[in-house]
Structures are given as structure tokens and as C-alpha cells.
Amino acid sequence: MAPAQPVSHLLQANAFVTTAAPASVDATPAWLSQAPVFNPTQMLVQSTKPTYFFGSLAAGDRSVEAVDVVAVASSGQTPDTADAENVTDLRKALISLAMNLRDIRYVRGGRDPSTGFDCSGFVRYVFAHAIGLQLPTNSASQFLAGLKVNRADMKPGDLVFFRTHGKRNISHVGIYISEGRFIHSPATGKSVEISSLNDAYWAKRFAGAKRPEAIAQVARNG
């Protein structure tokens with residue numbers, strides 16, 4: 001199997017008018033920078049102790065090499081150890097793909113790198129193409145899916161939600177990275193970027209975090 005090749009950005013961000021949202025915190029977490037670059041695209045869950053296989057993806061004019069990011073627990077590992085590593089690899093795959101999509105411009109209703117992303121379209125694309133998990137189509141319905149996670153217990157790959165248009169309805173979503181940072185497609189005039197939950201704008205509007213059921217299930221199995 002050929003080694004995975006890094007994913008290049010499909011689009012360069014166009015020049016737009018800056019919005020009131022805060023500046024991004026553009027830094028790669030240490031745990032991810034020390035890991036290989038993952039470009040996985042499909043997950044097959046076949047049992048309560050799943051084996052994950054990531055196939056290949058053709059996205060626009062690029063081709064992503066197949067990568068096997070999880071070893072089957074048949075090489076002396078205990079089931080608990082294998083499941084813990086499975087969860088870690090799922091999280092790394094999600095964050096790696098999300099980071100490779102930085103600078104893709106925001107487009108209302110956008111769900112593909114070739115056209116741009118809105119917030120829920122970005123999250124949905126990452127989960128579908130990194131681990132084969134289909135999420136609901138908008139941030140409000142994504143908030144209703146998965147398990148609630150306390151802020152102190154958030155881990156990479158969890159979803160963070162915000163109320164950016166009033167205090168009642170969920171209207172924005174991103175993917176948690178680490179150390180209070182998350183990656184998202186914020187608003188018209190901006191591109192996929194990293195922001196901090198501690199920024200006044202996002203701290204005021206933070207509505208909570210959820211862990212998608214597929215990841216939570218693998219963690220429970222361990």
C-alpha cells in the first residue's frame with residue numbers, strides 16, 4: 001500500500017469583507033502534528049468491536065490515497081486497548097481532514113470543498129469523508145443527535161454548538177480540536193478557520209457540546 005499523500009487545499013479563500021467574529025487561533029495541536037497525515041474516507045462498522053477501513057476518495061480534481069488507520073486487534077492487543085486506539089484514530093482522522101480544509105470559503109448552504117461550506121455543511125462533509133458517518137443536515141438537528149458532553153470533558157472530534165442569532169435556537173456548529181479551540185466555517189466573508197471558545201464572541205454564544213453516537217459507542221465498547 002502506497003503511503004498517504006497530504007491533501008492540498010482545493011480552493012484559495014477569496015477576498016471578502018471582515019465580519020465582527022473574532023480572529024482565528026491558527027495553531028496545530030501537538031498531538032496531531034506528531035501523527036501521520038490522515039486522508040481517510042469511509043468507515044465500515046461490522047460488529048460491536050468494529051474494524052475500520054478507510055478507502056479512497058476522488059474529490060474534484062484530487063485523489064486521496066487509501067489509508068488503513070486502525071489495526072485490527074489481532075496482534076497481541078487486548079480488546080480494551082484496541083477500542084481505545086480505535087477512538088483515538090477516529091478523532092485524529094476527523095481533525096486531520098478538517099485541518100486540510102482550512103481556507104475553504106464560506107458559502108451559505110455549501111456542502112463541498114469545490115463550492116464552499118456553511119457551518120453544518122463543513123461538519124457533515126468532514127464526518128462523512130473522514131469516518132463514513134452521516135450527520136443531520138443542519139446545526140439544529142446535529143445538536144439533537146449524539147450525547148451531551150460537559151465542557152470539561154470535551155475531546156477532539158466532539159461538536160460544539162452556538163446560538164449566534166438570538167438565545168433560543170442553535171445556529172452554528174464547529175468541531176472541537178483541543179485546549180479550547182475548534183475549527184469551523186464561520187460566516188459570509190470568512191473561510192474555514194480555527195477559533196477559541198474563550199474569545200468573548202464565542203464564549204457568550206456557546207450552547208454546549210455533543211459527541212456523535214458512533215464515536216460514543218466505540219468508547220463505550222472499550
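Begin by selecting Q142, which lies in helix α4 (residues 139-144); helices here are DSSP runs of H or I with at least four residues, strands are DSSP runs of E with at least two, and both are numbered from the N terminus. This is a predicted model, in which local features need pLDDT of at least 70 and side-chain atom pairs count only at pLDDT 80 or more, while totals for chains, interfaces and linings use all residues. Residues are numbered from 1 along each chain as its sequence is written, and side-chain values use heavy atoms, with hydrogens and water left out.

Q142 counts as buried because its relative accessibility is 2%, where buried means under 20% relative accessible area, exposed over 50% and partly exposed in between (1.4 Å probe, protein chains only). Show next what surrounds Q142: leaving aside neighbours within four places in sequence, its contacts (heavy atoms within 4.5 Å) include S120, L135, F161 and V173. A polar atom of the Q142 side chain lies 3.5 Å from the backbone oxygen of S120.

Now move to strand β7 (residues 172-178), which runs antiparallel to β8 and is joined to it by 3 bridges; two strands pair if DSSP finds at least two bridges between them. S178 has R181 of β8 as its bridge partner, and in the hairpin, with 2 residues between the strands, E179 takes a positive phi near 50°.

Follow β8 (residues 181-184), where R181 and I183 point one way, F182 and H184 point the other way, and all are buried. Finally, select strand β9 (residues 193-196), antiparallel to β8 and joined to it by 4 bridges; here E193 is the bridge partner of H184.

Technical notes. Polar contact = N/O pair within 3.5 Å; in protein donor to acceptor, adjacent residues only side chain to side chain.
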